[in-house]
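I opened this notebook to record what I looked up on packing and charged pairs. The entries follow the order in which I checked them.

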Amino acid sequence: MTTLGTGPTVFDARTLPRDDNVNPYTFNVALEGEWFVQKGKMIAYYGRIRFEALGVGALDRLVTDNFNSPLYLQDWIVAQGKGQLLLADRGFDVNSYDLETGNLTIRAGNLLAFQPGLDLKQSIVPGFVTLIGTGKFVAASNGAVHFVEPPIRVDPDALLGWADCPTPCHHFDTKYMRGALGMARRITGLGGASGEEHQYDFVGAGTVLMQSSEISIDPNLIPEQATPENQPPGGQPNIPGLPGRLGRLLQ
């Protein structure tokens with residue numbers, strides 16, 4: 001049992017880390033203006049902040065300039081005002097990144113928030129969106145994030161995104177899929193969608209982001225369905241800075 005005053009740090013609006021992690025699972029945005037936020041990812045806030053649906057009245061211009069993904073329009077809101085905005089996603093690891101005159105494609109369900117200086121577009125890869133420009137964004141992952149350079153093949157469920165890379169190709173291991181064992185896997189469903197038979201194939205220059213789990217974050221998962229098997233291990237991830245135009249990870 002933890003006794004308040006002798007155990008955890010108790011924050012207020014003045015002592016919260018500004019634009020930084022409060023812990024491995026919560027990020028605090030020092031809001032002064034506007035941020036795009038995925039619905040359900042704000043857990044608390046201090047100050048004068050209001051939340052508006054996209055495409056409502058005065059936000060038409062903002063949406064036209066910075067949000068170009070009709071498929072996900074209903075999943076996002078705009079936070080406006082001045083204060084401290086706390087973001088989290090069901091106990092998954094949360095971190096922020098700086099993108100500098102670059103482009104990064106990320107799994108749509110993992111992107112929690114981004115500054116209007118970034119332009120969000122719909123990726124040609126289903127389930128992913130692309131951020132272009134300069135600004136900060138916040139993303140969740142199931143476990144620590146690792147950065148690798150192509151050429152590499154990545155399990156689809158472990159793939160978080162890629163920066164300044166050509167769009168990946170699908171690679172299917174036909175030897176793994178065919179024959180008696182392949183038929184058994186298709187019938188039983190064991191290994192039917194695993195990275196052993198299907199991967200994303202990256203070539204060329206750039207950086208690939210992988211989470212340290214083959215269990216992807218289900219955007220439709222509600223908190224009551226979360227189980228220990230799909231929660232990240234404890235501890236702050238030790239993540240190096242990204243090379244190239246994707247800026248350093250804020251610790």
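Does D89 count as buried or exposed? I looked up D89 and found it buried, at 1% relative accessibility; buried means under 20% relative accessible area, exposed over 50%, and partly exposed in between, with a 1.4 Å probe and protein chains only.

Notes on the source. The model is predicted, so I kept in mind that local features need pLDDT of at least 70 and side-chain atom pairs count only at pLDDT 80 or more, while totals for chains, interfaces and linings use all residues. Residues are numbered from 1 along each chain as its sequence is written, and side-chain values use heavy atoms, with hydrogens and water left out.

Salt bridges. I recorded eight salt bridges in the structure, a salt bridge being a side-chain nitrogen of Lys or Arg within 4 Å of a carboxyl oxygen of Asp or Glu.

I then returned to D89, which forms a salt bridge with K41, the closest N and O atoms being 2.9 Å apart. This pair links distant parts of the chain, 48 residues apart: K41 is in the loop between strand 2 and strand 3 (42-53), and D89 in the loop between strand 5 and strand 6. Strands (E, at least two residues) and helices (H or I, at least four) are DSSP runs, numbered from the N terminus. K41 is also buried, with a relative accessible area of 7%.

I next noted R18 and E32, whose side chains meet in a salt bridge at 3.6 Å, N to O. R18 lies in the segment before strand 1 (20-23) and E32 in strand 2 (residues 26-38), so this pair ties together parts that are 14 residues apart in sequence. R18 is exposed at 52% relative accessible area, and E32 is exposed at 58%.

The side chains of D119 and K121 meet at 3.1 Å, N to O, in another salt bridge. D119 counts as buried at 16% relative accessibility, whereas K121 is partly exposed at 32%.
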